[in-house]
Every structure is written in structure tokens, then in C-alpha cells.
Amino acid sequence: MTGFTSASPENHPWWRLSDSATEFPQHNSVDSLPLLVVESPLCRSVIAPQGAQLLTHTSYGRTTSNNDQLLWLSPTALFVRGKPLRGGVPLCLPWFGPHNEPGKPQHGFARNEDWQLLGAQADSDGNVVLSWGFGQYASQPHPEFPWRFSARLTMTLGTRIELGLEIQNCDTSPMPLSWALHSYHPVSDLAAVRVRGLAGCDYLDNTRQLERRRQQGDVQFNGELDRIYLSVPDEQVIATEPALSIRGSNCPSAIVWNPGHAKAAALADVGAEHGREFICLERGNAGTNALSLDAGASHRASVSIGVTG
Ligand code: TA6
């Protein structure tokens, strides 16, 4: 099956193969993409091999309340082979945002192509650990990016989501690299949401031609907001119900995005009625935190997402 290794993952009581037509029939999509569904005592997650994209994650971790959705998948997301999927955790790689050469895809190409499932196992804490590889350009570069590189994404799925990313420059000259784990999170009331952990940080404002500004206090949402925060502390909290903590290691940028009413309405896979249901709080290396990766060198980073407390 496309996106999995020669064999599909070995059968296990906690994971199984499925497809988007079965799991998301209401989305009425063009293609039915293969999916992996994890159902363990700690969580339920759905992952697309296209982009190694975690789409949904329900945590059963809190005893005090119902199940917690850590991610937002747009109710109008479209499953189309080779096209970005709106929601969950798309991976922007090997560049974040628009490329300075016209015609190249926004946020790179790794989110639009199949990754290979390299391994699936349960660890001793009851987490499901999935390892995904993006190795097809390690020996022959992609037509849009003249450096040979490979990537591996490890997902540890339990009450929290732990994502570990390793990117290797397999080429002979320094490779420009920007990336983000572009995670979408549900919010109960956009007007009341605050993002903590960014006060005092400089940001590039993408609604003002990337003008550099400094954050005062918590981030609030009063219309379109699209910012690359630079050199941020390890942890941010999305103060909503339930509050989410996002901790990053070796990913100094935090990108915060909500399209606002007009842009949400213009996005076919969001729509005016769903634009207030989410914010993105992404961690990575973007803007002036972009990297140059030496020949043969690797960059490792991780992001952990969970309910606070
Ligand atoms: O991360 C914020 C951002 O770069 C915004 O500028 C906005 O365009 C968003 O990503 C979504 O991009 P996409 O290509 O997935 O529609």
C-alpha cells in the first residue's frame, strides 16, 4: 500500500490500516488516502502517510473530564492526493512559507508526498511509537530543491504527542533549511484565547511584510494574525479549555496563525463558519532562525503537545 513499507505494518491490537473515505466519510473528498489508525488505552490518533501527517489525536489522559482533542482537523478538509491537508500537524519542509523563487510550493513539498512507515511499536509506558522516513531524495534531489537530504519523524502517541524530527543533509555543500511542525489546535472561544510564553519576544509580522516587532504580554486574537516569533522560550501555553502546552527543543521559532474572518472564508478547506475554531502554534526554524546545514550534518528537534497540569 502506498506510504507504507513493503509490507503494511504488522497487525497489532492498537493499530490498523484504514483510509480517508472510511474514517472521514462526511468530507466527501476526491481521493481516498490510506491512513493508519491508532487505538490504545491512552489515545486515538489518525495519521496519513502523505506528509507523515498526524490528523487527529484524542487523549484519554485526564481523569477529571472527557476526552481531550489536542489537534484540530478542518471539517471541510479535502483529501486529495498530493495536496496539503488542512489540520492536524502538517510538516513544512525543506522550507517554511513561500519560496523566494516563484512557482515553488508554499511550505515545501514534504507535506504533499508519501512518507514510509519504518516501524511501529508499543513502548513500556503504553505509548505507540511510529517512525516515518522521507528518504526518496537522499540520493537524487527533488526537482524543486537541489540538495540531497533525508528526514525521519518519530511520533510517540499517548496522553501527549511527542514528535521527534531529524533532517540530514546528504549532499556536499551547505543546505538552506527552514521548517515547522505546523500544528492546528482547537480553541473554545477565539476572542478569549491567550497564548502565553511569548512576551518580550521579537516577531516578524506576516500581515505587514514581515515587519519586526516585539510582543507585549500574551498574544490575543482580534482578526487575522500571522507571526513568526524568534528565539522563543521552550514552552508556550494556549490558554483555552482545556489549556494546551507546547514544548519545543531545538526549534527556536514559534509561528502563530489564525486567518481571521475574510481569509478563512476565502479558504475552501476552512470557510467562514470554521475560522474561529482553531489557532496554529507551530514550532520550527523559520524567518531569521532559518538554518544552513553543513554537508553531511543533521538537525534534530522535538515538539511535545499535551493538556497542561
Ligand atoms: O504558518 C502560517 C502560514 O504560513 C500562514 O501564512 C498561512 O498561509 C498558513 O501558514 C497556511 O498555509 P497553507 O499553505 O497551508 O494554506
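A residue is taken to be near a molecule if one of its heavy atoms lies within 4 Å of that molecule. By this criterion, the residues around the ligand are Arg86, Phe96, Gln106, His107, Arg111, His182, Asn206, Asp226, Ile255, Trp257 and Glu282. The model is predicted, so that local features need pLDDT of at least 70 and side-chain atom pairs count only at pLDDT 80 or more, whereas totals for chains, interfaces and linings use all residues. Residues are numbered from 1 along each chain as its sequence is written, and side-chain values use heavy atoms, with hydrogens and water left out.

The shell around the ligand comprises three nonpolar, four polar and four charged residues. In this grouping, Ala, Val, Leu, Ile, Met, Phe, Trp, Tyr, Cys and Pro count as nonpolar, Asp, Glu, Lys and Arg as charged, and the others, Gly among them, as polar. The ligand sits in the largest pocket. A pocket is defined on a 1 Å grid over the protein atoms alone, as an open set of points where a 1.4 Å probe fits, with protein on both sides within 12 Å along at least five of seven lines; a molecule sits in it if more than half of its atoms lie within 2 Å of its grid points.

A polar side-chain atom of Arg111 lies 2.9 Å from a ligand oxygen atom, and one of His182 lies 3.0 Å from an oxygen atom of the ligand. For His107, the distance between a side-chain N or O atom and a ligand oxygen atom is 3.1 Å. The ligand taken alone exposes 390 Å², of which the protein buries 83% (accessible areas by the Shrake-Rupley method with a 1.4 Å probe).

The protein contains two helices and 23 strands, assigned as DSSP runs (H or I, at least four residues, for helices; E, at least two, for strands) and numbered from the N terminus.

Most peptide bonds are trans, and most residues other than glycine have a negative phi. The peptide bond from Leu93 to Pro94 is cis, with omega near 0°, and Pro94 lies in the loop between β6 (91–92) and β7 (116–122). The bond from Glu241 to Pro242 is likewise cis, with omega near 0°. Gln209, in the loop between β15 (202–205) and β16 (211–214), has a positive phi near 50°.

Definitions and conventions
A polar contact is a pair of N or O atoms within 3.5 Å; within protein, one must be able to donate a hydrogen and the other to accept it, and residues adjacent in sequence count only if both atoms are side-chain atoms. On a 1 Å grid over the protein atoms alone, a cavity is a set of points where a 1.4 Å probe fits but cannot get out, and a pocket is an open set with protein on both sides within 12 Å along at least five of seven lines; lining residues have an atom within 4 Å of a point.
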